[in-house]
Amino acid sequence: MTDNFKLAELLFPQIKKTPEDYVAIYPARNLPEGARVTRFAPSPTGFLHFGNLFTCLVSYKTAKSTGGVFYVRVEDTDQKRKVEGAIEVMLKGLSVYGIVPDEGVIAEGEEKGDYAPYYQSQRKDIYQAFAKRLVEEGLAYPCFMSAEELDEIRAQQENESIKGIWGKWAKHRDLSFGEIESRINAGEAWTLRLKSPGTTEGKCFFDDVIKGKIEMPENVQDIVILKSDGIPTYHFAHAIDDHLMRTTHVVRGDEWIASTPIHLQLFKVLGFRPPKYAHVAPIMKEENGGKRKLSKRKDPEAAVTYYAEEGFPSESVNEYMLTLANSNFEDWRRMNQTEDIDKFPFNLKKMSVSGALFDMVKLTDVSKNVICKMPAKKVFDLSYEWAKEYNPALAALYELNPQRATAILNIDRENKKPRKDIAKWSDIPDYISYMFSETFTPNYELAGNATPALAARVLEKYIGIVNLADDKDAWFERIKALCPEVGCTPNVKEYKAEPEKFDGHVGDVSTVIRVALTGRTNTPDLFAITALLGENEVKARLEKALEYYKENA
């Protein structure tokens, strides 16, 4: 037995399975040609942020648009940093936006799929089997350096271009078997380091699916692959998992580009074919004429919870994210206005190389377009669910009469040109406040040619003729017929031709009635509002407004 095999047995006497055993346990997936396998691999150390959600959507779309598989793997090897409930929160956050894994961790502590376990903390023996093989091949060695020695090396390397354990600093790279054995028998702690085959002249090349061809110096560091407790580092664990779980495309933030030479080297020494990498640029935000990354600390919209609290429907956020993700999405949406978003042919190559710009105005516009196409029942149901959690006062108004609330939300909806007043559910309380006596606040400020004197004349006449039994045409005929009696013309063109002859036109008369009933100069269809307010409320509001205008004429 060579020293390498003796060393492997000394370090890992409990490991009996070989890498070949695990490759047999986790065979290649039976998927159609071109199907992509992607993953979301969170650590249970935090909560979902917009950047995570965006990258996750890109990964999900990459798999689903090719008939592939999207799975969730939890990278929980650092148990000290674990936050209880973090994975459950993340998974629920993803599901809100329609991102549901095909396999992997589907709920806290619950897995499905043939490539389990999907928690890295439960795969220790798998990693050690591959680590043992690297030792047998002379590609890994135990390192006994203390924390103090490593600190000294860091200090010495302060002005070095390449930092870490390599070259003259890799002090334990070539220890003899006998010296290693005696140190282990003496109880010295060790980490396992990769014996990097890289050179300072060597180059690493890879074709990033988003950014194109990238050339970097290859890795020369003898990185730690197993910590002193036998738990793998992220670099080592993810390479083994991505191979055994048959990941074809790794979609991740471009801060990982710097680590790619390490990852490609690990795939090579392990004898694996590397996945394709797609490095997503960070979401940017304009500030003071420049750009910066969307910040968890500075920007409330960086937290995914912000969208739930504000009441942006998940459909709106998904539409908006696709405008950031693919440059051709907006053209596709214009051509396919009612098509399901899942029909969009998502393509990694259409992503921004430098980073998309977050724009709240754009999100608001996108959301208005999404909500205006929703039927009233859906608007009611979604906004009611939101209100129960975030606005109990709105929920209470809805509960007074759900049918009436739905009818209110249906004013100027479900037609060829629906209004676009609502961008998020938190807009609704103000938008419909005048429809409820509990929340109506009179405001008698007029617009156009309407004056308090004209308003007093209009309301005096209108109170006597308003009839809620009218259909829309009869209602409007009454308003037009009222115009000559108050010095106005029912014909706007006639007013424009000879404005000096009239005190206003039919639009000004309607404005007076609108302001009296709603406190606003711009609302949806006034006839529908009048009908839903009911006769008693209409009469009471008109009389109160008439009293005000008489006093202020």
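Author: Buried means under 20% relative accessible area, exposed means over 50%, and partly exposed lies in between (1.4 Å probe, protein chains only). This is a predicted model, in which local features need pLDDT of at least 70, side-chain atom pairs count only at pLDDT 80 or more, and totals for chains, interfaces and linings use all residues. Residues are numbered from 1 along each chain as its sequence is written, and side-chain values use heavy atoms, with hydrogens and water left out.

Reader: Is K388 buried or partly exposed?

Author: K388 is partly exposed, with a relative accessible area of 43%. Its side chain meets that of E385 in a salt bridge at 2.9 Å, N to O; the term requires a side-chain nitrogen of Lys or Arg within 4 Å of a carboxyl oxygen of Asp or Glu. E385 is also partly exposed, at 47%.

Reader: Where do E385 and K388 lie?

Author: Both are in helix α14 (residues 376-390), three residues apart, about one turn of the helix. Helices (H or I, at least four residues) and strands (E, at least two) are DSSP runs, numbered from the N terminus.

Reader: How many salt bridges does the structure hold?

Author: There are 42. One of them joins D241 to R73, with the closest N and O atoms 3.7 Å apart. D241 is in helix α8 (residues 234-244) and R73 in the loop between β2 and α4, so the pair ties together parts 168 residues apart in sequence.

Reader: Are those two buried or exposed?

Author: D241 is buried at 0% relative accessible area, and R73 is buried at 0% as well.
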